[in-house]
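Thanks for coming. I will walk through one model today, site by site, and keep it short.

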Amino acid sequence: MEVLPLSQVGTETSPTPGPGIEFPPSPAPTAKPSRAPSVRSSHGSEHSGSSDDGADQQPSRPYPLPPVPQPIQVLPEDLKTPDNHVPRDSRLIRLTGVHPFNVEAPLSDLYDEGFLTTENLHYVRNHGPVPRVEDADVLDWTFTVEGMVEMPVTLTLRDLLRDYEQQTYPITLVCAGNRRKEQNVVRKTKGFSWGAAGLSTALWTGVPLGDLIARAMPKRGARYVCFEGADKLPNGYYGTSIKLNWAIDPNRGVLVAHKMNGDALHPDHGKPLRIVIPGQIGGRSVKWLKRIIVTSEPSDNWYHIYDNRVLPTMITPEASADLPETWADERYAIYDLNTNSAPCYPAHDERLSLVNATVETTSKVRGYAYAGGGKRVTRVEITLDKGKNWTLADIRYPEDDYRLAPEGETLYGGKVDLSWREACFCWCFWELDVPVSDLRDAGDIMVRAMDDSMMVQPRDMYWSVLGMMNNPWYRIVIHNEGHNLRFEHPTQPALIPGGWMERVKKAGGNLSNGFWGEKMSGEEETETAEEPAREICMTKPEVKKSIALEELKKHDGEDEPWFVVNGHVYDGTKFLEGHPGGAASIVGAAGQDVTEEFMAIHSENAKAMMPDYHIGTLDKESLTALAEPESESSSATRPVFLQPRVWSKAILTAKRAVSSNSKIFTFRLDHAAQAVGLPVGQHLMLRLRDPVTREAIIRAYTPLSDGTTARGALDVLVKIYPKTADAPGGKMTQALDSIPVGHFADFKGPVGKFEYVGGGRCTVGGKERLVRRFVMVCGGSGITPIFQVLRAVMNDKDDSTSCLVLDGNRVEEDILCKEELDEMAAANAERCRLLYSLSKPGDQWTGLKGRMDKALFEREVGSPRDGAADLVLICGPPAMEKSVHEIFHDMGWRDEDLLFF
Ligand code: HEM
Ligand SMILES: Nc1nc2c(c(=O)[nH]1)N[C@H]1C(S)=C(S)[C@@H](COP(=O)(O)O)O[C@H]1N2
Ligand SMILES: [Mo]
């Protein structure tokens, strides 16, 4: 390492990104030229603040006003989503793909806006689509105060404005997931990757929640206040609760807000009405507010229980799946924020020139800090030697300027009356001039804040399954590159690569060793990384080959398809014929990284087969290059909807119940003439995302619509497995059942090893075969793939293939598609024999009774006959498929004549 003599170094510290070297809410010349004539300015005090309502005319204000937001429009990427009515700023970093909208601003941009954040850059956390509310309907928006109150009421926003006193004050909202990316690098949590910009501050105007609740008069025994939004999500409307105690405490400052920075709420921030809770995690501040419910118990809303919690650290994502009592334990629910801080400058990858720096040259380290529950940040400390020595930073609290507002002051129609309130509701800014020579000699900069209860940020991370409330010392690594210093933050948000954590982990460092993954002098190499091997091993240890993107791409076709899972390369050639998912799904994966999909679809058994196909490891650059976001191929004019390699979106347009537990879901394709593109007998993959964790839920379905002739729409018949007291229910079917009409799902295909070509010809694993008779055995919704084949056979009058259908169900109304089946059988009596058997038949039932058992199959099917060209198609619940398999074996059937869907 080359060390420059300090005398050769000059005074210029010029950080590359980011302008001035001042606290953000100071009169630094950061005003953007595009701003309208200064009506509102981030740097407040020196500007005259006039606002939209004349009553607020003031010559000058002692506190900052928000910068003027820049005009925004609906972005092209949102057009195909349910949020196609929401204008947004393109600078925001999307953390969960295109939709739903979860974003943070680049950290420097957020800091540069100053104390108050515009709606352009305010972070957004949406669990689902944004409810659409027209301007004309805003005043008629209704919401309730109900539950354990003497006087339940339904109010409109008009009533709220007319009958209650309005207040305006600044509040910092912080998502509990702020800084979660750092947790995800240590070990993947069930949450997406926030950087350190998952927080924002705005001036909120509204009515104290306590005033509303006081008028409704809580009854004895009331202890909680639940909130519910208008956004319908996979697990119901978004909702949560806080303590009644807090809700009515003026010191807590809970607002029912309708203005942000003086403007009506932006759709992403709750238009037209929301709760805003200072000092608590953003998750409790319910947007699109419809109901306020006073209760004796905490909310039982799914999002209250399964989101915004810090479970004990030893609970793994896998174990958490069936610990309902742990989830429901109120002691693990997060309310008040914990104390946290992060430096914004030096920024990630910023370079500081050493050329011309002298002994006197300093550079500013500056950032934000906040505490929860109204507490004040009372000190911020910086260390350059891993915590042995600390230096105090200077802190500014722009929030305190609002306490100086003269009596009777109003802003945006609300009273500015904070002089009496001791609580701190906002972030503060800190900075420290550090000699460049000290930075040059240090390996890193670390920051910690303390609050007025003397709680200080911990050195070590408390990892938990949702990755929330992450607040260890924020560490920036300093790289001395000779002529300059380069700064490296721990991570970058979303899937953006970069940061020392990822680098250290990849180099085999143990990030949880209490020393940021670095080896302490004299310490032996740590043996294992922090992540215990829990997963099925899918690789072969002796395979060491490194493969480049170029080589992988040579195998992106149907012969010798290679694909990538978890960074490893597999050759699927040998398994094309035997693959239960069909050759097409492996060919469709050729040349791609299919980790998410592969892991979502396959059983442990399938994963255990993988070492046989392992051929190498993709090199690092190639892996990053492959990881480019999946292209949403523009499909508006494509003649065929389904594509084997790319997910295509279709909007849910209707749900229709066809039995007590089954529904037909209709999806609209891109245009009326578009074909589904699914050969008879094949399936499609349907993908939804868990609204909280963003984990993909992927299942194979056979649509009801004829995949070869249907145009413009797609009907999928699905049996719903709801959650019960002792079973978690079906992940996919519940998610599908609860997505609102207007929401989309992703489709891909076709998949499957079987195809019915017509005239008795079919292919199994790519091999042609002639069938004279199909024996079709199914149960429940297993009828759907069977139905496709049966319909194709029966609709072709020249097809002489015959079909024997054995459909087992519990009660008559469980028989799906019964009318259509009966009609087909009646019209083709000579070729089609249809038998239903009910295990719990009603009195009126004249058909077969009992489970489909050996006696039934012996009587109706019997042993295989030589030269008969029979093929048995079986589709039903796993237990049924297993028993049918055994019975047919016993009757002498060979596996190649039995086909399980
Ligand atoms: C050589 C590597 C592979 C092996 C050993 C393998 C193994 C299996 C097995 C055993 C099943 C039956 C279900 C289960 O046990 O989970 C299956 C189903 C399936 N596989 Fe693969 N597979 C491979 C590659 C792939 C790839 C690359 C894809 C596409 C990303 C894929 C997509 C599917 C699909 C769509 C199904 C059907 C799922 C369903 O019908 O629910 N497979 N695979
Ligand atoms: N109705 C509703 N309210 C909601 C959410 C939501 O998805 N739906 N997300 C919550 C979460 S987790 C956070 S952090 C804040 C984010 O508020 P913002 O998007 O206005 O920044 O809203 C909260 N309120
Ligand atoms: Mo959040």
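Let me start with a term: buried means under 20% relative accessible area, exposed over 50%, and partly exposed in between, computed with a 1.4 Å probe on protein chains only. This is a predicted model, in which local features need pLDDT of at least 70 and side-chain atom pairs count only at pLDDT 80 or more, while totals for chains, interfaces and linings use all residues. Residues are numbered from 1 along each chain as its sequence is written, chains are lettered from A and ligands numbered from 1 in the order in which they are written, and side-chain values use heavy atoms, with hydrogens and water left out.

First, the iron. Which protein atoms are donors to the iron atom of ligand 1? They are NE2 of H579 and NE2 of H602, at 1.9 to 2.1 Å from the iron. Donors here are N, O and S atoms within 2.8 Å of the metal, or 3.2 Å for Na, K and Ca; water is not among the atoms, so sites may look incomplete. H579 sits in the loop between β32 (568-571) and α13 (583-589), and H602 in the loop between α14 (595-601) and α15 (604-608), so the two tie together parts that are 23 residues apart in sequence. Helices (H or I, at least four residues) and strands (E, at least two) are DSSP runs, numbered from the N terminus. H579 is buried, at a relative accessible area of 10%.

Next, ligand 2. It is surrounded by 19 residues, and the closest are H127, D231, H269, R274 and K287; surrounding residues have a heavy atom within 4 Å of the ligand. A polar side-chain atom of D231 is 2.6 Å from a nitrogen atom of ligand 2. From S285, a backbone N or O atom lies 2.9 Å from a nitrogen atom of the ligand. For H122, a polar side-chain atom is 3.5 Å from an oxygen atom of ligand 2.

Now C175. UniProt lists C175 under "binding site", in an unreviewed entry; such annotations may be inferred rather than shown by experiment. C175 is in the loop between β9 (167-174) and α3 (180-186). Is C175 buried or exposed? Buried, with a relative accessible area of 8%. Leaving out residues up to four places away in sequence, C175 touches Y123, R125, W194, G198 and G282, where contact means heavy atoms within 4.5 Å.

That is the last site for today.

Notes:
Polar contact = N/O pair within 3.5 Å; in protein donor to acceptor, adjacent residues only side chain to side chain.
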